[in-house]
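I opened this model to look up its sheet, its helix packing and a few single residues. The entries below follow the order in which I went through them.

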Amino acid sequence: MIAGHSAGGEAVTYVANRLRTSFPAAFAKVKFVQLLDPVTSPSGTNMPTALAGLATTSTPIYAISSPPYLANSQASGTVALTAGLDRAFLGVRLTSGSHCDAEGASTNFLCTLLGGSSKAKNVTALQTFAVNWAADAVAGTTTATYYPGGTYYQGLLTANTIQTLSAS
């Protein structure tokens with residue numbers, strides 16, 4: 001499993017695709033790619049190119065994003081993900097999320113200043129999904145409650161805490 005927040009989301013898609021093309025045995029060990037409010041580079045080409053390569057695999061690639069705004073470059077990484085992978089489930093958007101949600105209680109003044117304050121419900125949802133999706137990937141299982149149709153997932157969907165990300 002590899003994960004990245006912000007520009008780290010673009011970095012991990014690039015690394016995963018390079019492993020796929022140059023080191024297939026190493027890529028076979030990548031069971032999951034997790035993107036936390038991913039942001040693309042100003043050129044905007046690395047992530048879409050990497051996702052085009054990764055689209056040929058069955059490796060789960062899920063994002064947990066905040067709504068489009070300045071701190072996440074108008075959700076540029078999430079836009080690249082939903083445009084680049086033709087999959088029914090690509091993760092969730094926290095409807096009132098902040099770019100700082102992935103940092104939880106350890107966030108700093110600068111992130112809060114630029115990205116806004118995190119709400120406890122968003123940090124909890126992000127941590128719950130991130131940990132359980134990763135655990136499922138490592139174990140080769142699917143814990144239904146954390147995916148569309150599951151009790152936890154549907155509860156957050158009904159409460160308008162999340163929206164499902166899928167191919168655009």
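Helices (H or I, at least four residues) and strands (E, at least two) are DSSP runs, numbered from the N terminus.

The model is predicted, and local features need pLDDT of at least 70, side-chain atom pairs count only at pLDDT 80 or more, while totals for chains, interfaces and linings use all residues. Residues are numbered from 1 along each chain as its sequence is written, and side-chain values use heavy atoms, with hydrogens and water left out.

Entry: sheet. I found five strands in an open sheet, ordered β1-β2-β3-β4-β5, with mixed pairing. β1 (2-5) and β5 (162-165) are the edge strands, each pairing on one side only. From one strand to the next the twist averages 15 degrees. Val33 has Ile61 in β3 as its bridge partner.

Entry: α3 and α4. I took axes as lines fitted to C-alpha atoms, for helices over the stretch in contact, with angles from 0 to 180 degrees between N-to-C directions. α3 (residues 46-54) and α4 (residues 76-84) pack at about 30 degrees, and their axes are 9 Å apart. The pair is therefore roughly parallel; the cut-offs are under 35 degrees for roughly parallel, over 145 for roughly antiparallel, 65 to 115 for roughly perpendicular, and oblique for the rest. The crossing of α3 and α4 is right-handed (near helix turned clockwise from the far one by less than a right angle; anticlockwise is left-handed). Which residues of α3 and α4 meet? On α3 I noted Met47, Pro48 and Leu51, and on α4 Gly77, Ala80, Leu81 and Gly84, where contact means heavy atoms within 4.5 Å. By class this contact has five nonpolar, two polar and no charged residues. Ala, Val, Leu, Ile, Met, Phe, Trp, Tyr, Cys and Pro count as nonpolar, Asp, Glu, Lys and Arg as charged, and the others, Gly among them, as polar.

Entry: burial in α4. Ser76, Gly77, Thr78, Ala80, Leu81 and Thr82 are buried (under 20% relative accessible area; exposed is over 50%, partly exposed in between, with a 1.4 Å probe and protein chains only). The buried residues of α4 pack against β2, α3, β3, β4 (91-94) and β5.

Entry: Thr13. This residue lies in α1 (residues 7-22). Is Thr13 buried or exposed? Thr13 is buried, since its relative accessible area is 0%. Leaving out residues up to four places away in sequence, Thr13 touches Val33, Leu35, Met47, Ala50, Leu51 and Leu54.

Entry: α6 and α7. I read an angle of about 150 degrees between α6 (residues 120-139) and α7, with axes 12 Å apart, so α6 is roughly antiparallel to α7. Their crossing is left-handed. Thr124, Ala125, Thr128 and Phe129 of α6 make the contact with Tyr152, Tyr153 and Leu156 of α7. The residues of this contact divide into five nonpolar, two polar and no charged.

Entry: Tyr152. Tyr152 is part of α7 (residues 151-158). Tyr152 counts as partly exposed because its relative accessibility is 24%. Beyond four places in sequence, the residues that Tyr152 touches include Thr145 and Tyr146. Tyr152 and Ala125 are 27 residues apart in sequence, and their C-alpha atoms are 9.5 Å apart in space.

How values were computed: Two strands pair if DSSP finds at least two bridges between them.
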